[in-house]
Amino acid sequence: MTLSVTNTLTGEREEFTAADEVLLYVCGLTVSDDAHLGHARAWVHADVVHRWLEHQGYDVRHVENFTDVNEKIAARVGEEGLGGTEGEVAAHFTQSVIDDMRGLNLKRATVYPRVSEHVPEIIDLIETLLDRGYAYESNGSVYFDVSEFEGYGKLSNQDLDALEAEEGLGARSEKRDPADFALWKAGGVAPEDVAEHRKDDRPVDADEYGQTWESPWSEGRPGWHVECSAMATTHLGETLDVHMGGRDLVFPHHENEITQSEAATGEQFARYWLHVGLLETEGDKMSSSLGNFVTVSEALEEYGVNVVRTFYLGAQYRTDQTLSEGAIEEAGERWERLERAYEGAVDACDGVDAYTKAEDDELRTAVEDARESFVAAMDDDLNVREATAALLELATAVNRHVEDRERYDYRALRRCVETFEELGGDVFGLQFGAVDDGDVGVAEDLVELVLDVREAEREAGNYDRADELRDELAALGVDIEDGPEGPTYRFA
């Protein structure tokens, strides 16, 4: 059986084929706030796709962007602790997102391009679209003329006439047609857009907000859709293998990405479009604007990375998923079953009761059945739920073997340990054998206690002892940085 996926572009289940290197683009986050579990669901499923492709022998060139130019970011300028420019606000939340990604044990992307560093490529792409007759200038702004692109709507199945009728043909606008979309916007962020996205009641008293760049048409800012096309083609070329993102991005964002990219290059933009379903809570989509969210950092602190990832593994990528206390509890129970079986297999393997000539045909069959079922599930449109079930069946077999036998089958147990580490660890990103209770408070308290002792040693002139304490913390994975206001630390 080979990998098959559901391609949003065709609406069909298709066999996945690619060259030795898979070109993967993931629509990243607009860095205007802390990331929540809805964002992380798309990240984790993209991470599992990356891991599974590598497990199947592919190299993966993974590009995931940070949108650091946006009116939502500009609206937060001046908030306490966020900075006085759009760039400073974006940098603050970009660091927050990176910390969350590392906390979730995501594989690093090949590159994380930012909009602000790709404005020249964006301008080049817009100029190409103008030269080819797909775009037009209006009062210093540039718009894509959707009537010039024959395939508009092929991803989302939107009807262009219906869009025009809904928005109104007589709408007052710089655009020739209401369905046209902006490639370049003259000027800065409009005050009314700032007011709409403000999270406090500070007055909007400036004429312009946000960064602007010089262009052949005006000093202004790039449109949202063109940014991803420019970043994707810059780092992956004209045709991607896989484009991923949340299902809420299908229209208009991904539709417009296809339109402008293919208009500029004349080539297919992406061969497979995989869209991750929504995370819902209390009947609504989890959303920053609705305020019904749990941040990634809060969830990691309370539940730990393994429970959070196991929760996401409870539903296939393209289905919606509901977050609730019960769902998290069930995920915790599943993770505990896997971890307990893994630890039991390791302890039995490494103990004196594991014998070379002891054989348990039932366990040997169970581990091979689990591996076969896991692979079949993953190749079946990345069905992580069924793949997890295969690992849970193996956990049951391991527990039965350890509880029922006095002489353990070393070779079978070793194969079980390898299977948990390979499929649960390398593919699912679970951290077997790691400390993961979801509460780092005790560790932080201990570090701060050692730092207090170190400061006391320094004040007493015992600098060698203070240096020893710093080195001992570093050996435990705690980096110390001395500053004018005292030492700070982070877990490496």
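**Group meeting: strands, cores and a buried arginine**

Let me start with a pair of strands: strand E3, residues 21–26, and strand E4, residues 59–64, run parallel and are joined by six bridges. One of the pairs to look for is Tyr25, whose bridge partner in E4 is Val63. Please keep in mind that this is a predicted model. Five of the six residues of E3 are buried, so this strand is largely enclosed by the rest of the structure.

For anyone new to this, strands of a sheet pair through backbone hydrogen bonds, and they do so either parallel or antiparallel. The antiparallel case is here too. Strand E1, residues 4–7, and strand E2, residues 12–15, run antiparallel with four bridges between them. Within that pairing, Ser4 is opposite Glu15 of E2. The two strands make a hairpin with four residues between them, and there Gly11 has a positive phi near 75°.

A further sheet is open and has three strands, in the order E12-E11-E13, with mixed pairing. Its edges are strand E12, at 284–285, and strand E13, at 321–322, each of which pairs on one side only. Strand E11, residues 279–281, runs parallel to E13, and two bridges join them. Glu280 has Thr322 as its bridge partner in E13.

Now to the nonpolar cores. How many residues are in the largest one? It has 88, and the members that touch the most others are Trp43, Phe374, Met378 and Phe428. Take Met378: apart from neighbours within four places in sequence, its contacts include Leu3, Val48, Trp52, Ala387 and Phe428. There is also a second, separate core of 41 residues, with Leu23, Leu129, Trp217 and Ala264 among them.

Arg41 is in helix H1, which covers residues 37–55. Arg41 is buried, yet it has no salt bridge. Which side chain of opposite charge is nearest to Arg41? That is Asp320, at 5.3 Å. What the side chain of Arg41 does reach is the backbone oxygen of Gly277, at 2.8 Å. Leaving aside neighbours within four places in sequence, Arg41 is in contact with residues including Val276, Gly277, Leu279, Tyr312, Tyr317, Asp320 and Gln321.

Last, some backbone details. Phe251 and Pro252 are joined by a cis peptide bond, with omega about 5°. Pro252 is part of helix H8, residues 250–265.

Two asparagines have positive phi values. For Asn105, which is not a glycine, phi is about 60°. Asn105 sits in the loop between helix H3, at 86–103, and helix H4, at 119–131. Asn157 likewise has a positive phi, near 60°, and is not a glycine either. Its loop runs between strand E6, at 141–144, and helix H5, at 160–167.

Are these asparagines exposed or partly exposed? Asn105 has 22% relative accessibility and so counts as partly exposed. Asn157 counts as exposed because its relative accessibility is 66%, and the cut-off for exposed is over 50%.

Terms used: Residues are numbered from 1 along each chain as its sequence is written. This is a predicted model: local features need pLDDT of at least 70, side-chain atom pairs count only at pLDDT 80 or more; totals for chains, interfaces and linings use all residues. Side-chain values use heavy atoms; hydrogens and water are left out. Buried means under 20% relative accessible area, exposed over 50%, partly exposed in between (1.4 Å probe, protein chains only). Lys and Arg count as positive and Asp and Glu as negative; His and the chain ends are not counted. A salt bridge is a side-chain nitrogen of Lys or Arg within 4 Å of a carboxyl oxygen of Asp or Glu. A polar contact is a pair of N or O atoms within 3.5 Å; within protein, one must be able to donate a hydrogen and the other to accept it, and residues adjacent in sequence count only if both atoms are side-chain atoms. Contact means heavy atoms within 4.5 Å. Two strands pair if DSSP finds at least two bridges between them. A nonpolar core is a set of buried Ala, Val, Leu, Ile, Met, Phe, Trp, Tyr and Cys residues joined through side-chain atoms within 4.5 Å.
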